Amino acid sequence: MRSEWEVNQAVDKYANLITRICFIYLKNEADTQDVFQSVFLKYLKYNKSFESEEHEKAWFIRVSINTYKDVLKNFFHSHTVSLDKVESAFMTEPLQHPEVLEAVLSLPQNYRTVIYLYYYEGYKETEIAGILKKKVNTIYTWMYQAKQILKKQLGGE
């Protein structure tokens with residue numbers, strides 16, 4: 001079991017990352033907070049050490065994704081929140097192109113995940129493959145298909 005100091009350090013370091021990841025998919029602040037708490041509870045109980053900071057960050061991303069997927073599978077999770085609420089929950093300044101966020105949020109989950117990890121978190125396709133436990137070629141395909149959908153929806157580059 002991890003110490004209180006370790007957990008506090010991790011919260012300071014990864015709170016925004018986990019909140020953004022979860023809110024993009026759950027679109028609900030209450031569910032996001034539930035997942036946030038679950039992720040850090042799992043971290044508290046996780047006994048193994050990490051190879052590096054990147055390994056630790058990837059672990060947090062993977063656990064966050066698995067946990068929000070569990071919430072989405074829940075029978076009682078059938079409500080939605082407007083795009084305006086999504087934007088206001090994690091954006092401190094108004095969006096310059098809200099249609100882009102709307103288009104990304106409308107993508108199928110696997111496409112949305114790779115787009116988020118690539119463009120917002122700065123991971124390379126090979127790193128995303130490791131995080132999602134998929135083949136690199138699958139990630140390339142999802143990226144290509146997601147870009148094609150976005151291009152069609154947004155009408156251009």
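The model is predicted: local features need pLDDT of at least 70, side-chain atom pairs count only at pLDDT 80 or more, and totals for chains, interfaces and linings use all residues. Residues are numbered from 1 along each chain as its sequence is written, and side-chain values use heavy atoms, with hydrogens and water left out.

The protein chain contains 8 helices and 0 strands, where helices (H or I, at least four residues) and strands (E, at least two) are DSSP runs numbered from the N terminus. Along the sequence the pattern is α-α-α-α-α-α-α-α. Of the 157 residues, 40% count as buried; buried means under 20% relative accessible area, exposed over 50%, and partly exposed in between, with a 1.4 Å probe and protein chains only. Among contacts (heavy atoms within 4.5 Å) with a separation of 6 or more, 65% come from residues 24 or more positions apart.

Helix α7 spans residues 125-132, and its buried residues are E125, I128, A129, I131 and L132. Seen down the axis of α7, these residues fall within an arc of 165 degrees, so they line one face of the helix; the arc is that of the directions from the helix axis to the C-beta atoms. Their cover includes α3 (53-73), α6 (109-120) and α8 (136-154). After α7 comes K133, whose phi is positive, near 55 degrees.

The largest nonpolar core has 45 residues. Such a core is a set of buried Ala, Val, Leu, Ile, Met, Phe, Trp, Tyr and Cys residues joined through side-chain atoms within 4.5 Å. I18, F60, I61, L117, L132 and I139 have the most contacts inside it. The largest share of this core, 11 residues, comes from α1. Leaving aside residues up to four places away in sequence, L117 touches I61, G122, Y123, I128, I131 and L132.

The whole structure holds 13 aromatic pairs. Rings of Phe, Tyr and Trp (its six-membered ring) pair if their centres lie within 6.5 Å; planes under 30 degrees apart count as stacked, over 60 as edge-to-face and the rest as tilted. The ring centres of Y46 and W59 are 4.9 Å apart and the planes stand at 40 degrees, so this pair is tilted. Y46 lies in the loop between α2 (29-45) and α3, and W59 in helix α3, so the pair ties together parts that are 13 residues apart in sequence. Y46 is partly exposed at 22% relative accessibility, whereas W59 is buried at 14%.
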